[in-house]
Amino acid sequence: QVQLVESGGGLVQAGGSLRLSCVVSGRTLSTYAMGWFRQAPRKEREFVARITWSGGSTYYVDSVKGRFTISRDNAMNTVYLQMNSLKPEDTAVYYCAADPRVPGVPRRLSPMMYDYWGQGTQVTVSS
């Protein structure tokens, strides 16, 4: 049973920073590519960032490039999303997700490509 647990969300002012964490249990993290998604009220779930199993490649949606950084520590079974220069439009529930099927490919954007999901953590950015 693979479980993903996110943490680190909260309320922050525009221009501030947050660091999200996602701890994976039940399977070795190094066999998965990992992604972060977000979902705002009344909107579809949106791809944010992805990192391959080794951490050698990453991919970001254009709206967060230069502000967000995805990273992983396979020894700690943890994936991170460092979010800087936050904007009100970044407000959403953030989910981490695991892709065991194609872990070496950086650009896989659809939620349907990910088999395991966390419960989400709320990020609210005030203006």
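What share of the contacts in the chain with a separation of 6 or more comes from residues 24 or more positions apart? They account for 59%, a contact being heavy atoms within 4.5 Å. This is a predicted model, where local features need pLDDT of at least 70, side-chain atom pairs count only at pLDDT 80 or more, and totals for chains, interfaces and linings use all residues. Residues are numbered from 1 along each chain as its sequence is written, and side-chain values use heavy atoms, with hydrogens and water left out.

**Fold and dimensions**
- You'll find zero helices and eleven strands here, with strands taken as DSSP runs (E, at least two residues) and helices as H or I runs of at least four, numbered from the N terminus.
- The C-alpha trace spans about 40 × 25 × 25 Å along its principal axes.

**Core**
- Of the 127 residues, 42% count as buried, that is, under 20% relative accessible area with a 1.4 Å probe, protein chains only.
- The largest nonpolar core has 29 residues, and Met 34, Trp 36, Leu 81, Met 83 and Tyr 94 touch the most other members; such a core is a set of buried Ala, Val, Leu, Ile, Met, Phe, Trp, Tyr and Cys residues joined through side-chain atoms within 4.5 Å.
- Elements giving two or more residues to this core include strand S4 (33–39), strand S8 (78–83) and strand S9 (92–99).

Technical notes:
Buried < 20%, exposed > 50% of the residue type's maximum accessible area, 1.4 Å probe, protein only.
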